[in-house]
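Biologist: I am new to this structure, and I would like to learn how to read it. Could you take me through some of its features?

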Amino acid sequence: MLTIFTTPKPFKGHINIIQRNAIKSWTLLQPRPEIILIGDEEGAAEVCQEFGLRHVIDVERNESGTPLVSSIFNIGQSLANNLYACYVNADIILLNCFMEAAQRVTKLMGENYFITVGRRWNLGLSKPLDFNDIHWESKLRAYQRSRGKLASPWAIDYFLFPVGLYKNIPPFALGRCHWDNWLVYNIYSRGVQIIDITAVTAVIHQNHDYSHISGGEVGLRKGKEMRLNWELQGGYYSRIFNIWDSTHVLSKSLKKASTLRHLGAHWIRSRYFFIILLVEILYPYSLPLVILLRGIRGCFRFIQRILGQARVKPA
């Protein structure tokens, strides 16, 4: 039914643990999907052999050695042995509720084009999961409910779609800002339905640092590769789409997204533009206003914390 494809980071340290957690969870989905690992990163060949995965070594890269999204999606779609493909970031744990949602969507959509996206749950995991425990999934769900944090609609970690839908993707650098937002924008501009399955599935992102990127998290958001991605998507804030731009939402049934959600998506874009305007375009002239706004935000957070403590009743 489904082919999952991804490009992992080198299997070293904490990244090794969380990528193995993620990929092992994919192998336990029912029915088991075809899984393709793309790239020759350290440890990838061994993981493919251990878990019985397909391995494609060659992938196009930019001058910094970062795999290109265009090449990854071309390879994944061309080699898929199923009607549907799903790109998933290699640190994402998928549970069987994801496969159930995928089956519902594909049945509802029939031969129509679509993409499926959803918000992730951020969760700190520092150890390998015990997949030999028959209750591992229910225990992880309980941990996610108690300690997980639902991520912003900005963060898009998977795209499920009919094979052949994506063509002529610009050569974005994987893992840098804006490529995922462009993939949503491109589908929206083509009039294809975008389905948000957040309400019926739990997709778990394992928290990690960004030491694999030059400059760390700053490099992720402001580095040379991010700026090139920005240019490739046209340099328009109006093209930075997110999950709230979905045309439909899957819950008990498939429904059209509300106007309120779309207004929220526009608010996110406006907020992002305002931040860039203050901290980059008008900086340093905007510094007094930045300091003032940060002070106001700090005051609001302090008040919220005090009010939250006041609501807690003594044991």
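Biologist: How many residues of helix H3 (residues 69-79) are buried?

Modeller: A word on the source before I answer: this is a predicted model, in which local features need pLDDT of at least 70 and side-chain atom pairs count only at pLDDT 80 or more, while totals for chains, interfaces and linings use all residues. Residues are numbered from 1 along each chain as its sequence is written, and side-chain values use heavy atoms, with hydrogens and water left out. Now the terms: helices (H or I, at least four residues) and strands (E, at least two) are DSSP runs, numbered from the N terminus. Buried means under 20% relative accessible area, exposed over 50%, and partly exposed in between, with a 1.4 Å probe and protein chains only. In H3, 8 of the 11 residues are buried, so the helix is mostly covered. They are Val69, Ser70, Ser71, Ile72, Phe73, Ile75, Gly76 and Gln77.

Biologist: What covers the buried residues of H3?

Modeller: Here we look for contact, which means heavy atoms within 4.5 Å. The covering elements include E1, E2, strand E3 (54-56), E4, E9 and H6.

Biologist: Strand E4 is on that list. Why is E4 (residues 84-88) described as largely enclosed by the rest of the structure?

Modeller: Because 5 of the 5 residues of E4 are buried. You can check both faces: Tyr84, Cys86 and Val88 lie on one side, with Ala85 and Tyr87 on the other, and all are buried.

Biologist: Which way do E4 and strand E9 (residues 158-162) run, parallel or antiparallel?

Modeller: The general idea is that two strands pair if DSSP finds at least two bridges between them. E4 and E9 run antiparallel and are joined by 5 bridges. With strand E1 (residues 2-6), E4 pairs in the parallel sense over 4 bridges. There, Leu2 stands opposite Tyr84, and Ile4 stands opposite Cys86.

Biologist: How many residues of E1 are buried?

Modeller: In E1, 5 of the 5 are buried, so this strand too is largely enclosed by the rest of the structure. Leu2, Ile4 and Thr6 point one way, and Thr3 and Phe5 point the other way. E1 also pairs with E2 in the parallel sense, over 4 bridges, and the bridge partner of Phe5 in E2 is Ile36.

Biologist: Let us turn to helix packing. How is a pair of packed helices described?

Modeller: By the angle between their axes and the distance between the axes. The axes are lines fitted to C-alpha atoms, for helices over the stretch in contact, and angles run from 0 to 180 degrees between N-to-C directions. Helix H1 (residues 13-27) and helix H2 (residues 44-51) have axes that come within 11 Å and cross at roughly 30°. That makes H1 roughly parallel to H2; angles under 35 degrees count as roughly parallel, over 145 as roughly antiparallel, 65 to 115 as roughly perpendicular and the rest as oblique.

Biologist: Which residues make the contact between H1 and H2?

Modeller: H1 contributes Arg20, Ile23, Lys24 and Thr27, and H2 contributes Val47, Glu50 and Phe51. The contact residues divide into 3 nonpolar, 1 polar and 3 charged. In that scheme Ala, Val, Leu, Ile, Met, Phe, Trp, Tyr, Cys and Pro count as nonpolar, Asp, Glu, Lys and Arg as charged, and the others, Gly among them, as polar.

Biologist: What should I look for in the backbone of Asn168 and His178?

Modeller: Look at phi, which is positive in each of these non-glycine residues: near 55° in Asn168 and near 90° in His178. Asn168 lies in the loop between E9 and helix H6 (179-189), and His178 is found in that loop as well. Asn168 counts as exposed at 73% relative accessibility, whereas His178 counts as buried at 4%.
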